[in-house]
Each structure stands twice: as C-alpha cells, then as structure tokens.
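I opened this notebook to record what I looked up in the structure shown below. The entries follow the order in which I consulted it.

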Amino acid sequence: LELLRQPDKWGESFGFAVNGIPFFAKGANWIPADAILTRVEPRDYRRLLEDAVAAHMNMLRVWGGGIYEEDLFYDLCDELGLCVWQDFMFACATYPAHRREFLENVRAEAADNVARIRHHACLALWCGNNELELGLVSDRWSDWTMSWDDYRPLFDELLPDVVGELDPGTAYWPASPHTPGPLEVRKNANDPSRGNAHLWGVWHGNQPFEWYRSCEHRFNSEFGFQSFPEPRTVASFTEPADRNISSPVMEHHQRSGIGNTTIVRYMLEWFRMPTSFEKTLWLSQILQGLAVQYAVEHWRRCMPRGMGTLYWQLNDCWPVASWSSIDFEGRWKALHHLARRFYAPVLVSGLEDAERGTLEIHLSSDLLKSCSGRLQWAATRVSGARVAGGSSEVRIAPGRSRRVQSLDLRPLLKAHGERDLLVWLDFAGDGAPRSSNLVSFVRPKAMELRDPRIAWSVEPATGGGCELKLRARRPALWTWIQAEDCDLRLSDNFFHLRPGRSKKVALCPERPLSLAQLRRRLRVQSLVDTYADPE
C-alpha cells in the first residue's frame, strides 16, 4: 500500500495504490466516537466501521485533532478493508517547537504510536498535522501563527525521521492540506496541481454547490456541509419548548459559529421553506447530501486527475448539528444513504448545462475489470409524463471515468421549460450494483411538485426482516422512510421514486415488532411533504 506521486500533464499526481494498482480513495474523516472516550465499546467501533464499508468507503482519515485510536480500530480496518490515513495529533494550533524538551516529548509520543500501529495492513499514510499550513505558519511568530523556522524542525525533520526509522515502508506527508515544493509554493496549501486539499469554499466561503465543479485538485481530504440530526436524536437533548432551531439549546448544540444561519440560507436557495421544526431537520439532511453529492460526483468524473475524496466527517462525538453522515446515536443521515450511491463501484452521473440545453452522461468505475451494460435515460415532466428517452450499450474500462453520451435537450426545454423537466438515468452492468441518478435544470424550489401519491406495502422477507414495496403516481424526490418510536435498518433511503416504477427496500426494525405494529409505525414521505400538505 503506497502513495503515488508522479509528474503528469496536470502537475504531480497524489493517490494510493495497492499491489501496484491505483485506486480512487472514497471515504470520510474519522473523529473520536464519543467525547467521553471510555464509553466507546468494541461494538461501537464495529458498527461505525461496518457502516463505512456499507457506503462503499475504502479509506478513513484519522483526524489530527482527535486521538491515536485503540488497537481494535486498526484491527477492524484491517479486517474490513478500510485504508487509514493517520494524522499525528497536531491540529489547528501553534506549537513550541523551539523548546528542546517539547521536541523530546513529541519524539517519544510519535515513536510509541508508530511502533504500535505500523504493522497494520490498513495503514496508508502518516501525516504530520491538520491545517497548520492553511494559515497557522508564517515568516514569524504572531498571536495566530508560528514561524516556518520552528515549524520545519518538527514537521519536516523530527516526525519524518521517526517514521523513516520505525516504519520506512509507509509514506510520510507533512500536513493536510499540503503543497510540496519550495516555501513560496508551499504557502499555497491548496494548489490544484499537486498535493492534497481542504476545500471549504462552500461551507465557509459562501460559494454555491456548483462551485465544486470548478475544483480540479488532486486529492480532497476535507470538505463538507452540515445538517441537523433527525427528530429522534434531537428529542434526546431538547424539551418541547426548545424545538426551534434558533432556541438556546439548539444553538448550543451547534459548534460552528455560522452553522444554523448557513444551513437555513442554503436551504432557501435550493428548497421551499419547510413548514415545521421536524421538516426543517429532515430537509437539512437532504440539503447536506445534495452538497456532498455535487462534490463527489464531479471529482469521480475527473479521475485520474483527482484520485481521492474524504468528506468531513463520518461520525459524531455528541448529539449535535454537524458535518457528519452518521449522528451520535448511530443513525444514518440522508448523506450516508446518498454516499452509498455516489461511492458505488460504478456511478452514473449527469452534467447539465442549462444555457446550452445539453446533458452529458458519465460513468465512473472503480472495478478492476472492464464493465459493460445498458445505459438508459428518460425525460419526464414533473407530473411524471414521459416525453423522451433512449438506451444504449456502453463499456467502461477498469478504474476510469468517461463521458458515455451527450444529449441535446434544447427541443424539450423549449417545449416544456426548464422548470418542468426531469431526466432519469439508469445503468445496469455486469459485476456491479445498479446505479441510478436524477438530473434537473433548475433548483428543486422552482419545480411545481405535487403530491406523488406514494403507495406502499410491507411483507415478511425470505431470510428475515421485511420488504417494503413502493410505487408513486408522480415523481417523489428524496423519498424517505421512518418509523415512529423505532429505528430501522434500511437497504436504501432518501431515493427518487420514479412514476410507474416499483421500488423494493429491505428493512429491519431495531426491536421485534409484529407486522401489524410495523405497518402502524411506518411513515413514507418525500420532498413535497416538507412544505405542502397532502392533496
């Protein structure tokens, strides 16, 4: 397992290979699983790491603001096939590296942990720190920065010396993000031509989600967007009077100063105003999933220029509004369900151009062999009426992404208007899960969606659990399934339900329920339910 850095037509590559085979890193950042470390049980590690694998992740970054994890964490990553980007525990601060006794203490700490972790097959990289080169190092010491003269002995000399002595088979990288080169080059920590990047232009920089499509970086080890936990988790730390997102309790459970304001601002840019507190919580999760989907789909389309995307963050250490895709109680947010689709081994995605009236259809494959299959597309109105479509046999090479079809949709857009057109994509190939996607030419708030009239039934499934069958008369965007007073394990959620197509979802309640009890508790909703009453 090695880090590959080679000159290429874009600058210098940054990616990983196993046994000489490059792979696109798909995953997230890992933080401690609980603010009180001794409460974390072995089952908590296994549940979270198996959930990462269930979303087709192959790499986790152990963030430098957390801890050197327990042996069990690395044992499980070995077992489950999750590569580990391991930060040393330095993050978002300045350090007294001019003091000899401090450096001696660091050397002992680093040596202990390198010697403890080095034998694990999962270990992909040792990284010196988190984000010091992103504004915390300058020519001289200040109230906010340490000097390069003191930074370099710690991160360019001491730590790589320890790794070189104790674990020479694993690459060392000074910081995340980092641009390799002389000092003047290094000062631009997010250079798109080389190194790795932390891209916070959306959450912290107020850029639109579409901004991600302009990013051409080589490896994206941090980026993200927040959402609230679902209502059951919020109920665990609120009283009924607190259930307003600007209440003191809700604001306390938000550790980003711009957090709730930023969520609501982007929400109103993309969606119609939700009509209740609970609907606001659910809609924030759809918004978060959409933001990260924009980024990941673009970066997978750009491979091999870019060879990795690790979103911030996988998990939470307390019940809170955050960037996580799994909340503190272990409940999957919409983002984690979407990650299962946008991190799938073969991904079909669309790149629309409203001004030109075109749609490019792309396939991105992480398979180790070529994949052939049938690509289908269908254009419908928001009422569900089909207005055009087509299919073709396509082939994608292993570890590649390419445009497989270009559609000129100007006649359809002229006939129906961009607010009244949806394009459904579907790819079924040999040796890969089916991949589906949906493309629109406007943001969802501009569509005149109506009650999709979702019909569903639930029956026992062969081998245990239950199977939910769903069907809709009209498009049901971001359809989600929940149960009152009971958690569900679901094979899919927050999906687009296409009119005339049935959808099957495997589900298993957290505790034994009769079929009648389960039917009474089940609720199926979609985007339109967040702002409109059923017809």
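**Entry 1: Asp34**

I began with Asp34, which is buried, with a relative accessible area of 7% (buried means under 20% relative accessible area, exposed over 50%, partly exposed in between, with a 1.4 Å probe and protein chains only). I noted that this is a predicted model, in which local features need pLDDT of at least 70, side-chain atom pairs count only at pLDDT 80 or more, and totals for chains, interfaces and linings use all residues. Residues are numbered from 1 along each chain as its sequence is written, and side-chain values use heavy atoms, with hydrogens and water left out.

I located Asp34 in the loop between β6 (25-30) and α1 (42-54). Helices (H or I, at least four residues) and strands (E, at least two) are DSSP runs, numbered from the N terminus. Which residue does the side chain of Asp34 meet in a polar contact? I found the side chain of Arg39, at 2.9 Å (a polar contact is a pair of N or O atoms within 3.5 Å; within protein, one must be able to donate a hydrogen and the other to accept it, and residues adjacent in sequence count only if both atoms are side-chain atoms). Setting aside neighbours within four places in sequence, I listed Arg39, Val40, Cys317 and Phe328 as in contact with Asp34 (heavy atoms within 4.5 Å).

**Entry 2: strand β8**

I then turned to β8 (residues 83-87), where five of the five residues are buried, so the strand is largely enclosed by the rest of the structure. Cys83, Trp85 and Asp87 lie on one side and Val84 and Gln86 on the other. In a regular strand the side chains alternate between the two faces of the sheet. I recorded that β7 (residues 59-62) pairs with β8 in the parallel sense over four bridges (strands pair if DSSP finds at least two bridges between them). Met59 has Cys83 as its bridge partner in β8.

**Entry 3: helices α8 and α9**

I looked up α8 (residues 259-270) and α9 (residues 277-301), whose axes come within 10 Å and cross at roughly 80°. Axes are lines fitted to C-alpha atoms, for helices over the stretch in contact, and angles run from 0 to 180 degrees between N-to-C directions. The two helices, α8 and α9, are therefore roughly perpendicular to each other (65 to 115 degrees; under 35 counts as roughly parallel, over 145 as roughly antiparallel and the rest as oblique). Among the residues that meet, I noted Trp270 in α8 and Tyr294 in α9.
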